[in-house]
Amino acid sequence: DGCQPNVVTYNRLIRSYGRANYLNEAVNVFKQMQELGCEPDRVTYCTLIDIHAKAGYLDFAMYMYQRMQEAGLSPDTFTYSVIINCLGKAGHLNAAQKLFSEMVNQGCEPNLVTYNIMIALHAKARNYSNALELYHQMQNAGFEPDNVTYSIVMEVLGHCGHLDAAAAVYEEMKRKNWVRGEPVYG
């Protein structure tokens with residue numbers, strides 16, 4: 001009808017293909033938009049990073065992160081969170097920690113999701129003191145823990161043998177109506 005797609009149109013197509021797990025088609029749309037002279041924006045790159053990281057294609061997600069930076073686009077909190085999670089799940093905790101520090105140094109504020117990711121990565125690596133330190137940093141930054149945070153912290157405290165502290169976290173969860181489901185009781 002004579003309407004030309006713009007970056008928003010392409011981003012929506014990429015996101016839709018990604019949600020349907022048609023990653024090759026999403027990448028083809030990315031290539032097509034550039035061939036037609038439409039420059040990808042931060043959302044384009046973040047979407048490609050996110051869908052590939054969630055599908056387990058960590059190398060491609062990191063490649064898109066590099067391409068984003070080469071295009072002169074700085075990452076936002078969402079992008080940092082996805083990449084940090086991507087690095088951590090690939091077993092690169094030191095790189096994830098370094099990127100988290102870079103994020104903070106660049107003035108990009110971590111959010112609750114970012115903190116939960118970092119706490120979980122340290123907990124999984126059995127770096128319990130680091131996990132608890134991040135938990136306290138998160139609270140000092142003004143973030144209220146959610147069900148995910150509480151569950152991770154209770155598990156960490158249990159592994160450290162701080163059963164009274166774990167019980168106190170559980171009681172706090174109950175006061176804030178976060179106790180739901182089998183994982184918390186476990």
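**Entry: what I am looking at**

A reminder to myself that this is a predicted model. I went through the elements and found 11 helices and zero strands. Read from the N terminus on, the order is α-α-α-α-α-α-α-α-α-α-α. I then took the box around the C-alpha atoms, along the principal axes, and got roughly 65 × 30 × 25 Å. The protein has 186 residues, and 41% of them count as buried.

**Entry: aromatic rings**

I searched for ring pairs and the structure gave me five aromatic pairs. One of them is F30 with Y45, where the ring centres are 5.6 Å apart and the planes stand at 70 degrees, so I wrote this pair down as edge-to-face. F30 belongs to helix α2 (residues 23-35) and Y45 to helix α3 (residues 42-54), so the pair ties together parts that are 15 residues apart in sequence. I looked up accessibility too, and both F30 and Y45 are buried.

Back to F60 and Y63, then. Their ring centres are 5.8 Å apart and their planes are at 45 degrees, so this pair goes down as tilted. F60 has 24% relative accessibility and counts as partly exposed. Y63, at 38% relative accessibility, also counts as partly exposed.

I also noted a cluster, in which ring pairs link F100, Y115 and F143.

**Entry: cysteines**

How many disulfides does the count come to? I got zero disulfides. C46 is in none, and the nearest cysteine sulfur belongs to C108, 10 Å away. With 6% relative accessibility, C46 counts as buried. C86 is in no disulfide either, and its nearest cysteine sulfur, that of C46, is 13 Å away. C86 has 4% relative accessibility, so I list it as buried.

**Entry: helix packing**

For packed helices I write down two things, the angle between the axes and the distance between the axes.

I took α1 and α3 to begin with. Their axes are 9 Å apart and the packing angle is about 5 degrees. That angle makes α1 roughly parallel to α3, because it is under 35 degrees. Which residues meet here? From α1 I listed V7, N11, I14, R15 and G18, and they meet V43, T44, T47, L48, D50 and I51 in α3.

Next I turned to helix α7 (residues 112-124) and helix α9 (residues 147-159), whose axes come within 10 Å and cross at roughly 25 degrees. I therefore put α7 down as roughly parallel to α9. The crossing in which α7 passes α9 is left-handed. On the α7 side I found L112, N116, I119, A120 and A123, which meet V148, T149, I152 and V156 of α9.

**Entry: a serine in α5**

I stopped at S81, which has its place in helix α5 (residues 77-89). Is S81 buried or exposed? At 7% relative accessibility, S81 counts as buried. I set aside the neighbours within four places in sequence, and S81 was then in contact with N111, T114 and I117.

**Entry: positive phi**

I looked for positive phi in residues other than glycine. N21 has phi near 65 degrees and is not a glycine. Where does N21 lie? I found N21 in the loop between α1 (7-19) and α2. N21 is exposed, with a relative accessible area of 53%.

R126 also went on my list, with a positive phi of about 65 degrees, and R126 is not a glycine. R126 has its place in the loop between α7 and α8 (128-140). With a relative accessible area of 59%, R126 is exposed.

How values were computed: Residues numbered from 1 in each chain as written. Predicted model: local features only at pLDDT ≥ 70, side-chain atom pairs only at ≥ 80, totals over all residues. Heavy atoms only, no water. Phe/Tyr/Trp six-rings, centres within 6.5 Å; stacked < 30°, edge-to-face > 60°. Helix = DSSP H or I, 4+ residues; strand = E, 2+ residues; numbered from the N terminus. Buried < 20%, exposed > 50% of the residue type's maximum accessible area, 1.4 Å probe, protein only. Disulfide = S-S within 2.5 Å. Axes fitted to C-alpha atoms, helices over the stretch in contact; angles between N-to-C directions. Parallel < 35°, antiparallel > 145°, perpendicular 65-115°, else oblique. Left-handed = near helix turned anticlockwise from the far one by under 90°. Contact = heavy atoms within 4.5 Å.
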